[in-house]
Amino acid sequence: MGESAPPIPNVVEMRSIVKRFPGVLANDHVDFELLKGEIHTLLGENGAGKSTLMNVLAGLYRQESGIITVNGEVKNFSSPRDAIMAGIGMVHQHFMLVPSQTVTENILLGLDDPRFRLRLNEYHPKIAELGDRFGLKVDPKAKIWQLSVGEQQRVELLKMLYRGVQVLIMDEPTAVLAPTEIEGLFNTLRTMIIDGKSVIFISHKLQEVMAISDRVTVLRKGKITAAGVKTSGITRQELAHLMVGREVLFHLEKKLQKTGKVILKVEDIHAENDKGLPALKGVSFQVSAGEILGLAGVAGNGQGELAQVITGLRQCTKGNIIFNSENITNRPAITAIQRGMAYIPEDRTHVGTAPNLSITDNVIMKKYRQPPISHGWVVDGNAATLFAQRLKEEYDIVVPNVETPVRLLSGGNLQRVILAREISGKPPFLVAFQPTRGLDVGAIEGVHRLLLEQRETGAAVLLISEELEELLSLSDRILVIYEGRIMGELTGGFESEGLVETIGLMMTGTALEKIDLGAS
Amino acid sequence: MSGKLNQKSSLPQWSLPYMIQIEPRLTEPPRWYPWAVSGAAIVVALILGGVLIAIVGGNPFASYAHIARASVGSIGVFSDTLVKATPLILVGLACSLAFRMRLWNIGAEGQFYMGAFGASAVVLIPLLPENASPWLYIPAMILAGLLMGALWGFIPGFLKARYNVNEIITTLMMNYIAVQWNNFFIYAIWTEGGFQMSKVFPRSAWLPRLTDYADKIPVLRGLTVHLGFVIALIAVVIVWFIIYRSRWGYEIRLIGDNPVAARYAGINIKRNIILVMMASGALAGLAGVSEITGVVHRLQGAISPGYGFTGIIIAWLAKLNPFAVVIVSILFGALILAGREIQPSGIPKMIQGIILVCLIASDIFLRYRVRIVRRNATIQEA
């Protein structure tokens, strides 16, 4: 094909791509170029059109106009299969794996070879060898459901590598990973680059973008605001500006204030996870009015169970939960709600909202039991609508009307619906579990402001997060949890140098008293 | 660096210049749209049915005209259609209420039988004297039917809430128990002269029919539509009110859409499983009462030609909307009635089937946008 042509620097060129969805112009004449052997980040807020553009390149969507060339040749993909044949593969945010099958079976799925007899034993070593080469350690014989999310992502990567993909698109791959796993993923990506492959990395986390990529293309509202800028020549502030179109305050003004009385006291809590294994092994702490207590830790170290035990969604096997001097241990969830506990769950779509119900139905979730929303057993539809409209205005939820089902909302808007519901009742205590996960910079700032507002109005806030920066800038005190135990508490002085490393050590299982603070 | 791009399309030569593109809808269609789609689906189904009638040598127009005449052609036959629709409305409601919470109650058939049994028991045990007033009989029979239906719903509901037993299996199996339970009574206890049926109920235990008032208003002569139809319509309004306007209905909708979120909102799911199964069973039981006291007037075998199962289809086609259940039930009532007129089986059942398939298939137009686009548009505009 390209023997006689002059050397082509761009592996992929997308020219003037237009893609429309009902009511939105997702890609408005977008150009994109990918060099051979580079990691190129596609940066943008939620809904900026990053995923759409890449779904076009991966053959999942068809562009309405515009040209895609791969190695100088015009391509017209009508299915992901076409794209893979041209050497372009995409790892989606939601994995496409069969849980009951093994790693090898999943990788071979849909290929022509093996044809009929599945001689899996011949393929296991091949898969293992490929994994070794790219630092993707995973047992080829393991069933998908037995694997962690990080391991499943490795299987997706192996699937693409096994198909000989030259251009790999990764849609927000770090959103599901723990900080330690992220480093592993980055190493794999670097190995792939050395191997001559190219990577497109979709993200909205500025930190990672600077850490991993060679060049950045920024999308905003379907249009390019920066094309192929070298990361070495740009600062995070500049990128954030290109992404959201205005200066973003990274450091919020946090007023100094005195804390009030103790609102929540957690005493020696033990609890099991869904599999019946101990998840919390004696956790104790207290939160007072007017303070934000941060809980740091790598995902899956008992944070979820702790939030559930506090809010009455999980039984604890030992210990006490004292809320406003009342023992509410192992009382049903309704008790916590009635006492005024608010809870922003980690999983917005599966826990926090009912996707097919309207915004109105979703915001009255915790208020439908009392006037003015309901009188006796009858729900007052007008009162509910008025309440929803008020919240829509106050919390800036961008929708045509409050009858819209929440499944049509973007991540940021959905989180505003949840925040509106939880915060509007002026709760004395709030559990915020990863409240900014998956949100874009602008939305994150909004959430942070709301949390600080709660603190100023005298509420006690338990902020559970994996984002250290978020914890450091919002919390008054920080606890670090590891394997169901509190590793220590840090109070004040969050600007000091060695602190991040200290927290890092605690997150990986070193108790605070064993860390020599003087040395750092 | 792009100027010299190859403009040749990589498509094969034979491909059509247009193609159909299916995209998921990102916005809600307007309110009238689902109704228009359903209407169009029925029209398409009737056209397809007409083609099939023509293939087997019939005249589709004459057949449809006949069906129309035999179901809605006169007040008399329309009244018969409504009689057929009455039990369908009630079982349709029973299923829509349970399905709304994603409780797959497919035991409406059994609950129907138990409702009929409950109503019969009032007459046949007897719980009331032969000469008691209808004002006593009818409420007593309705209450007995509701209770028996609710009991038949309670058992699978309790098993699911307490032991997480799959309600599809239990409700299905309990259908057979209900039928055999009834058989035991009509064969052994309440048999009349060795026949497998009870004696005819006293007149005061019959639901009043329009024709009963023909002495005073002659126009009503022969109209068999009975009080059960009114009861069914009242039930529709009540169920609608519960689902869309009550706290309990809000809980049902929330659990149905996302049980995890419902738990998070502090809702007791187990309690609701039992309550909804009981309410669903009671509605299906009411259908049994209405049929036995409004049409059959005695307890016997085969009182239902599968109403309980048709109710599942009706609930589904009505998209669980109580008012749509009325419309779909009347349509099905008409097809059952008129079907018997033109052929005992075959064509009418087939038309029912085609309507069903078309309505279910039409759902794609609600969830997706279907567009016809030029194939090479991508190249040209660029």
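In this predicted model, the outward face of helix 6 of chain A, turned away from its buried side, carries exposed residues. These are Thr180(A), Glu183(A) and Ile194(A). The buried residues of helix 6 are Glu181(A), Leu185(A), Thr188(A), Leu189(A) and Met192(A). They span an arc of only 100 degrees around the axis, which means that they sit on the same side of helix 6 of chain A. An α-helix has 3.6 residues a turn, so residues three or four places apart point the same way.

The buried residues of helix 6 of chain A pack against several elements of chain A. Among them are three strands: strand 3, strand 7 (167-171) and strand 8 (198-203). The helices packed against are helix 4 (120-134), helix 5 (149-162) and helix 7 (206-212). Helix 6 of chain A has 16 residues. From its first C-alpha to its last, helix 6 reaches 23 Å, close to the 22 Å expected at 1.5 Å a residue. Gly196(A) follows helix 6 of chain A and has a positive phi, near 95 degrees.

Strand 9 of chain A (residues 215-220) has six residues, and five of them are buried, so strand 9 is largely enclosed by the rest of the structure. Strand 9 pairs with strand 3 (residues 39-43) of chain A in the parallel sense, over four bridges. Within this pairing, Val216(A) in strand 9 is the bridge partner of Thr41(A). Strand 9 of chain A also pairs with strand 10 (residues 223-230) of chain A. Here the sense is antiparallel, and there are five bridges. Arg220(A) stands opposite Lys223(A) of strand 10. The hairpin of strand 9 and strand 10 of chain A has two residues between the strands. In this hairpin, Lys221(A) takes a positive phi near 50 degrees.

On the scale of domains, chain A is assigned domain 1 (10-244), domain 2 (251-340 + 427-520) and domain 3 (351-426). The C-alpha centres of domain 1 and domain 2 of chain A lie 34 Å apart. Their contact takes ten residues from domain 1 of chain A and eight residues from domain 2 of chain A. On the domain 1 side, helix 6 (179-194) and helix 8 (236-244) of chain A each supply at least two residues. Helix 8 of chain A gives the most to this side, with three residues. By class, the domain 1 side of chain A has six nonpolar, three polar and one charged residues.

Chain B has 382 residues, of which 43% count as buried. It contains 15 helices and two strands. The C-alpha trace of chain B spans about 100 × 60 × 35 Å along its principal axes. Among contacts in chain B between residues at least 6 apart in sequence, 77% join residues at least 24 apart.

Chain B is divided into domain 1 (37-73 + 325-369) and domain 2 (92-320). The centres of these two domains of chain B, taken over C-alpha atoms, are separated by 27 Å. Seven residues of domain 1 of chain B and ten residues of domain 2 of chain B make up the contact. On the domain 1 side, helix 12 (322-342) and helix 13 (347-361) of chain B give two or more residues. Helix 12 of chain B provides the largest share of that side, five residues. By class, the domain 1 side of chain B has six nonpolar, one polar and no charged residues.

Notes
Residues are numbered from 1 along each chain as its sequence is written. Chains are lettered from A and ligands numbered from 1 in the order in which they are written. This is a predicted model: local features need pLDDT of at least 70, side-chain atom pairs count only at pLDDT 80 or more; totals for chains, interfaces and linings use all residues. Domain bounds come from an automatic or database domain assignment. Two residues are in contact if their C-beta atoms, placed from the backbone, lie within 7 Å. Ala, Val, Leu, Ile, Met, Phe, Trp, Tyr, Cys and Pro count as nonpolar, Asp, Glu, Lys and Arg as charged, and the others, Gly among them, as polar. A residue is buried if 20 or more other C-beta atoms lie within 10 Å of its own, exposed if 12 or fewer, and partly exposed in between; C-beta atoms are placed from the backbone. Two strands pair if DSSP finds at least two bridges between them. The expected span of a helix is 1.5 Å times one less than its number of residues. The arc is that of the directions from the helix axis to the C-beta atoms.
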